[in-house]
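Here is a short report on a two-chain model. It covers folds, helix packing and the chain contact.

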Amino acid sequence: MLETFNFRVILEYMPLFLSCFFATLWLSGAGLIGSFVMGIIACGMRIGRFKLLSRIAYVYIESIRSTPLLVQLFFFYFGLPSLGLRMSEASTGILALTLNSGAYMAEIIRAGVQSIPHGQVEAAVSSGLNYFQRMRCVILPQAIGVTLPPMLGQAIVLVKDSALLSLISLPELTRAGQIMTSERFMPAEGFLTSAVFYLVIYYFLKWLTHWSQRRLIYMQT
Amino acid sequence: MWGFYIEQLIHSLPFFLKGLWMTIAVSGLSLLAGTVIGFIWGIVRASRSRFAKPLIGAWVDVIRGTPFLVQIFIIFFLFPEIGIQLEAFPAAVIALTNLAACFICEIVAAGILSVPLGQKEAATSTGLNWFQQLRYVIMPQSMRVVLPPLVGQYVLLIKDSSVVSAIGVSDVTRVGWLTVQRIPQGLLVFGLVAVLYFVICYPLIQLSNRLEKRMSVGYTRGKE
């Protein structure tokens, strides 16, 4: 296999891979921001005082966590048009990534918020801070230290999950491998090149996780 | 209109159950094999071997850093190039087994390392050999740390098994994809598929949560 490994074709396809690499970065970046916002909203609803909102957030989180992303993606991709909603592939993909990752983000944030001693909340209440102020000034700043490492872990998962968007024919890294496979029939070169690009992102995020953990320990001492 | 489609969907329900059976077969086989391999790798990874440990670590990193979809494409398309013809089903089982082994290996290694070193030293001085130490002292204690994330990992792997539909294994996701070509009601069809996954995964998630609570009860009591 290796003697037939064709680096020249990889070079020839490099522009495609690079543009797809940035597409992957863009899609997962948008998904990450979206899921962060979604996670904060869902977590706020889940631990808030309103029973109904808490119930809704619970159903959302558990149903997302119990079904595969691919099924959710197809659900939106094939389902929204039958409701008369036409969306581009990119927005459908980002929507699915946001909703999927948002449920996990909500759980991560909840674990972070609940890791804060109850006395902190009581002190904030007795200082006269309202719910929003408590979250903004007391709980969230402390929770970030606990939640940052698992959030970066979720970012790694999100980048890998964005590979599934190739199945609704979005041009991203895995799709680039598929295109190369179908045009030249070189699956080895195509998919291994995609894998290398994914590994670049993975090792960067892994390094970021280690770095942030070192920084946080430094800040705590 | 909806009534007609629902009736159609009920008619193709056996088709979906067949797909569900395929999903259970793929993930069941892979989880079984992956658990065995993952425990072996995890024991090696928690040991002090100088050669096997970094090798497994690097392999786990590569598998964790690339999407499962890419892995399954590589296995499905690359094995024929080196002369091994693979059907879609064995390719899917191999890919998912490997993925399972890599994640379970990390969980098991963390569990073993959570057992205090004094336990191992005590076991050594009692005259237990390596296997006996592992079997009677280390493993039973590490299970407390291993079990809850292990069950959670099973859920993730069962969900990941939906990706094997991309190489044509007729699992329940694939059945949904085929059905939606005939019944153009994505919400209904994939709603049904989602319900089928939910029925399997939701109880497992609850089990994982309950295990976590139970195991941590003993742990905090022991600490006090």
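Residues 24 or more positions apart account for 76% of the contacts in chain B with a separation of 6 or more. In chain A, 75% of the contacts between residues at least 6 apart in sequence join residues at least 24 apart. Two residues are in contact if their C-beta atoms, placed from the backbone, lie within 7 Å.

This is a predicted model: local features need pLDDT of at least 70, side-chain atom pairs count only at pLDDT 80 or more, and totals for chains, interfaces and linings use all residues. Residues are numbered from 1 along each chain as its sequence is written, while chains are lettered from A and ligands numbered from 1 in the order in which they are written.

**Chains**

Chain B has nine helices and zero strands. Its elements run α-α-α-α-α-α-α-α-α from the N terminus on. Chain A also comes to nine helices and zero strands, in the pattern α-α-α-α-α-α-α-α-α along the sequence. Helices (H or I, at least four residues) and strands (E, at least two) are DSSP runs, numbered from the N terminus.

| Chain | Residues | Buried | C-alpha extent |
|---|---|---|---|
| Chain A | 221 residues | 41% buried | about 70 × 50 × 25 Å |
| Chain B | 224 residues | 40% buried | roughly 75 × 50 × 25 Å |

A residue is buried if 20 or more other C-beta atoms, placed from the backbone, lie within 10 Å of its own.

**Confidence**

Confidence in chain A is lowest in helix α1 (residues 7-12), at a mean of 81. It is highest in helix α3 (residues 51-65) of chain A, at 93.

**Helix packing**

In chain B, helix α2 (residues 13-46) packs against helix α8 (residues 172-182) at an angle of about 150 degrees. Their axes are 7 Å apart. Axes are lines fitted to C-alpha atoms, for helices over the stretch in contact, and angles run from 0 to 180 degrees between N-to-C directions. α2(B) and α8(B) are therefore roughly antiparallel (over 145 degrees). On the α2(B) side, the contact uses Phe15(B), Phe16(B), Gly19(B), Leu20(B) and Thr23(B). Val172(B), Arg174(B) and Val175(B) meet them from α8(B). By class, this contact of α2(B) with α8(B) has five nonpolar, two polar and one charged residues. Ala, Val, Leu, Ile, Met, Phe, Trp, Tyr, Cys and Pro count as nonpolar, Asp, Glu, Lys and Arg as charged, and the others, Gly among them, as polar.

In chain A, the axes of helix α2 (residues 14-47) and helix α7 (residues 131-161) come within 9 Å and cross at roughly 130 degrees. Thr24(A), Ser28(A), Gly31(A) and Leu32(A) in α2(A) meet Ala155(A), Leu158(A) and Val159(A) in α7(A). The residues of this contact divide into four nonpolar, three polar and no charged.

**Between the chains**

How many residues of chain B are in contact with chain A? There are 33, and they are in contact with 33 residues of chain A. α3 (52-65), α4 (68-81), α8 and α9 (186-223) of chain B each supply at least two residues of the side that touches chain A. The largest share of that side, 11 residues, comes from α9(B). The side of chain B that touches chain A divides into 23 nonpolar, eight polar and two charged residues.

Terms used:
Angles under 35 degrees count as roughly parallel, over 145 as roughly antiparallel, 65 to 115 as roughly perpendicular and the rest as oblique. pLDDT is the predictor's confidence in each residue, from 0 to 100. A residue is buried if 20 or more other C-beta atoms lie within 10 Å of its own, exposed if 12 or fewer, and partly exposed in between; C-beta atoms are placed from the backbone.
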